[in-house]
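Hello,

Here is the structure I promised to pass on to you. Have a look at it first, and then read on for what turned up in it.

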Amino acid sequence: MSILHRLRPRRGRPTLRGAGLVSAVLLAALSAPAPAEATVAQTAQPSTTSARPLPGHVQPLCGPPKPHEFTCFGLRRTDVQQRKGLRATGEAPDGFGPTDLRSAYGLPADGGAGRTIAVVDAFDNPNAGADLAVYRAQYGLPACTTADGCFTKVDQRGGTAYPDPDPGWAGEISLDLDMISAVAPKARILLVEADSAGVDDLGSAVDQAVALGAGYVSNSYGSNYLFFPEDPAEAASDVHYDHPGVAIVASSGDSRYGVAYPAASPHVTAVGGTTLTKAPDAPRGWSESVWSHDGAGTGSGCSRYESKPAFQQDTGCPGRTVADVAAVADPATGVAVYDSYGESGGWGVAGGTSASAPIITGVYADAGAPVAGTHPNLYPYASGGAGLHDVTEGANGTCTPAYLCTAGPGYDGPTGLGTPDGLGAFRTGPYGTLSGTVTDQASGAPVAAAAVTAGLYTTTTDNAGRYTLPLPVGTHEVQVSAYGFAPSSAADIKVADGATATWDVALRKLATHRVSGTVADASGHGWPLHARITVDGVPGAPVWSDAYTGAYRLDLPENHTYTLHVVSDDPHYRPLVRAVTVKDTDQTARLGLPAGTWSVADDPAYALRVDTLDTQSFDAPNGAPPGWSVVDLAGTGHGWSFDDPGGRGNNTGGSGGFAVADSDHAGAGVAMDTLLVSPVYDFARSGDPELAFSTDYEGSGDQTGDVEVSADGGRTWKSVWHQDQVWASGRVEIPLTDYAGRSAVRVRFHFTGPGLLWAVDDVSVAERVLTPVRGGMLTGVVTDTNTGRGIVGAEVRSGSTRGPAALSLSGTGDPRIGDGLYRLFVPGGGRHTVTAGKPSYRTASRTLVVPADRTTRAPFSLKAGRPAFGTTRIDATTTPGGKVTRKVTVRNTGPAPVTLRFGERTGTGSAPAAPGTAWRPLPDLPVPVMDNAVESHRGRIYSALGSHDGDTPTADLYVYDPAAGTWSQGGAVPPSPGRPPRTASSATASTPRADGHPVSR
């Protein structure tokens, strides 16, 4: 569950003593040195959230997300002059360009050839292709356009029904495309635009990118971890990011220490951020440290809910540790970006881990194709740190153990194993394959979902007990384990380069008993759920409940108590942890998963009701309200107060009175430690409790602010929201789901100083209750009629074009289910017409009866044309202007029509040299002129309109003849019919200047 944080504009206030930091959500003042090669002019203006001038400004490209949504992690410099179009020599864009990045990270100038890199973002950037062309032309990179097949833009279904544009996400798209171009200039680029920033839509866009052939996917977005550590249901979305053989890359976040999702997924490469500066005296020529200053910085930490992948060996985090690697992200040492649709208005400087993620994605593409069946996020670990610059300086917060937030030799959280030093850490060396079958020793039956592991490399057996495990060349110790079987191992499996070794394994069945039952909805509908089940302390791969019946079975050794973890692949459900004791008989256990009350916004199967239990507006100035109390732990005489002692005014977004811990008013020498404690609340009802409040938190110095909760009336406390040096204001909603059913819950606001202040208003305690909406569930697999394979990204819809719809997904990890599974809630029950379709396929339709509160199985097979060509290659040579004819036979072997489109692309044979692209000086015009319009036509250059003196417009026309090298005057430009002559203010370009600078248009 995520916290909803609604930002509000800050109002004026008296000057604050010691004010020094601005909001990581609203503005971050970044004052680290700018790149030596691309110095950015500092044109600081007073901040709207600070009482003193700031040396530079940064604005998030995207706002804070709503619950069950992501936000982009791009940051835009606001102190950089906006310029449009190509820049002339000597006027290069501010920020690091491609040459800088390739120099800093030891990358080739022609990387990415033959590879397809996908960028996944939300909403549309209508100018994406045009802006990409400007960026690439500015830096002399090869053209990459829709016309030449290099650049493709699709929606999350693979079509061209693009979502609505959004200026913030458009800026993010431009940043991502430009970084891919800078690092992998010869790669093809696929932009997949999700319908929204919702978790499901962006996940579906990732699936679509892979389905369309991308080998590398960049994801510069994540959860709003600034206001809540992690969502317990996030693992349900892992299915979207689990694509063996594809490099899935994700940003670690911009709000300093803390874990974002999808960076926390064990299937992605989580990318942290650095401050990158030129260092001429260093052997490398560059230096890097952890990006973290002025309230913003790279994310890192230990996941609460995601399991630790086998390749991570750090011991201070039992779960997934973020990050894996890093690259430049500090906007103060940021990258050049061209974005004409968003806030930049052309050239700008950007940063955030939204810059570092596409950089690393491009590095993977430069390194070559990932090995089929492997997760490329293990490659840097397999290299042992070779091929990486170890970042050893800086921290993004305070934590225990310290390596999770502080850089040091070897692995650390903020920068992982380091930043690229060439390509070696992002590819495998020589490798071969180990394959075989795992069976039951007694019966010979195949053992599905057995884990096969060799060091950092692991895979699972399919439903027939088969496995394939790519391994580096050499000798390996391999282990095989499965629930209910004794593990087996071999110490001398030899794998040769390009060869396949075989090892078949027969496992011995242990004395076990079966735990079986169903996984089902526990919030009112009761329908079966498809879910992954793991067991603590028992070797073996996860087992899955049946996608249509919810049935599962586990064989576990007797006389032991086991802890089961159940995670549905439907992100609308919360995970379940259940203890099961196995004695001397088989047993049945129904595993009920509750629907999440925070994901109900996009879950049509349930309606939400919020029951308020208590509200407090702190309007009385003379003390704590009835039932509330203030505690001065430090004994300074300064604690939470209600009469606004510093004369601040209510800046929380609330009105009237408020509670405030004002350390700035108390004085710099006062170390406040004060509590604002609530009454006791009874949550022994059926809903999920929540806490909401309006806040104005202004961090500085050693200040901290924590929201703490007690389940035992106040004897023990746990922090559920923590702030230190950031500034944030607005409405915060914190799920208290873990306290449901408790009858003695208290909340307190804990402030420590010295620092500035923390103000709180309109505290609300409520319970969120779900009510089932009448209807049933449809599920099934959408397949391609030609191949029989599942289709990713097909849209299944009930009724009209505005009826409920769902997309088919990529494989979940269940060996019995491949690609193409969908789940669709159909309201009302009864008979419905349901369609399934995807671009390039013929839409299929079925009429079905969908009983309420039940799951109905409904597969679809989509027909498509299937062209077969009589030849796979055509060779022809001709002189310029010549003609060659070749005959090609094309047959349609599919059950639907096929449309062929023919076009031409640049060939590879000999041809006349391409026209020169270098700028060259031209002679001055015969007369001075300004604000003129300039155009080229049939080899000649025309200058028209403008003004000779900057005041009086002229209609003169001049023509430049390249052969003669001279200008001549033509006839005057006639005015448009019915309109006055064109004035100087309407001119569009400048003339060649006497200093030899080229004509610019």
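The disulfide between C144 and C150 is left-handed, because the torsion about its S-S bond is about -90 degrees. A disulfide here is a pair of cysteine sulfur atoms within 2.5 Å, and in this pair the S to S distance is 1.9 Å. C144 is buried, with a relative accessible area of 3%, and C150 counts as buried too, at 12% relative accessibility. As for the terms, buried means under 20% relative accessible area, exposed means over 50%, and partly exposed lies in between (1.4 Å probe, protein chains only).

Before you go further, please keep in mind that this is a predicted model: local features need pLDDT of at least 70, side-chain atom pairs count only at pLDDT 80 or more, and totals for chains, interfaces and linings use all residues. Residues are numbered from 1 along each chain as its sequence is written, and side-chain values use heavy atoms, with hydrogens and water left out.

How many disulfides are there by this rule? The count comes to four. If you number the bonded cysteines of the protein in sequence order, the pairing reads 1-2, 3-4, 5-6, 7-8.

Another of these disulfides is formed by C62 and C72, whose sulfur atoms are 2.0 Å apart. Its S-S torsion is about 105 degrees, so this disulfide is right-handed. C62 lies in the loop between β2 (58-60) and β3 (71-72), while C72 is in strand β3, so the pair ties together parts that are 10 residues apart in sequence. Strands (E, at least two residues) and helices (H or I, at least four) are DSSP runs, numbered from the N terminus. C62 counts as buried at 10% relative accessibility, and C72 does as well, at 5%.

Then there is the disulfide of C302 and C317, with sulfur atoms 2.1 Å apart. The torsion about the S-S bond of C302 and C317 is about 80 degrees, so this disulfide is right-handed. The pair links distant parts of the chain, 15 residues apart: C302 is in strand β15 (residues 301-307), and C317 is in the loop between β15 and β16 (319-322). Is C317 buried or exposed? At 2% relative accessibility, C317 counts as buried, whereas C302 is partly exposed, with a relative accessible area of 22%.

Now for the sheets. Strands of a sheet pair through backbone hydrogen bonds, either parallel or antiparallel. Two strands pair if DSSP finds at least two bridges between them.

β58 pairs with strand β59 (residues 940-944) in the antiparallel sense over five bridges. To find one of them, look for S936, whose bridge partner in β59 is I941.

Four strands also make an open, antiparallel sheet in the order β50-β49-β52-β53. Here β50 (805-807) and β53 (844-850) are the edge strands, each pairing on one side only. The twist averages 25 degrees from one strand to the next. Strand β49 (residues 795-798) pairs with strand β52 (residues 830-837) over four antiparallel bridges, and V796 has A836 as its bridge partner in β52.

Enjoy exploring!

Terms used. Axes fitted to C-alpha atoms, helices over the stretch in contact; angles between N-to-C directions.
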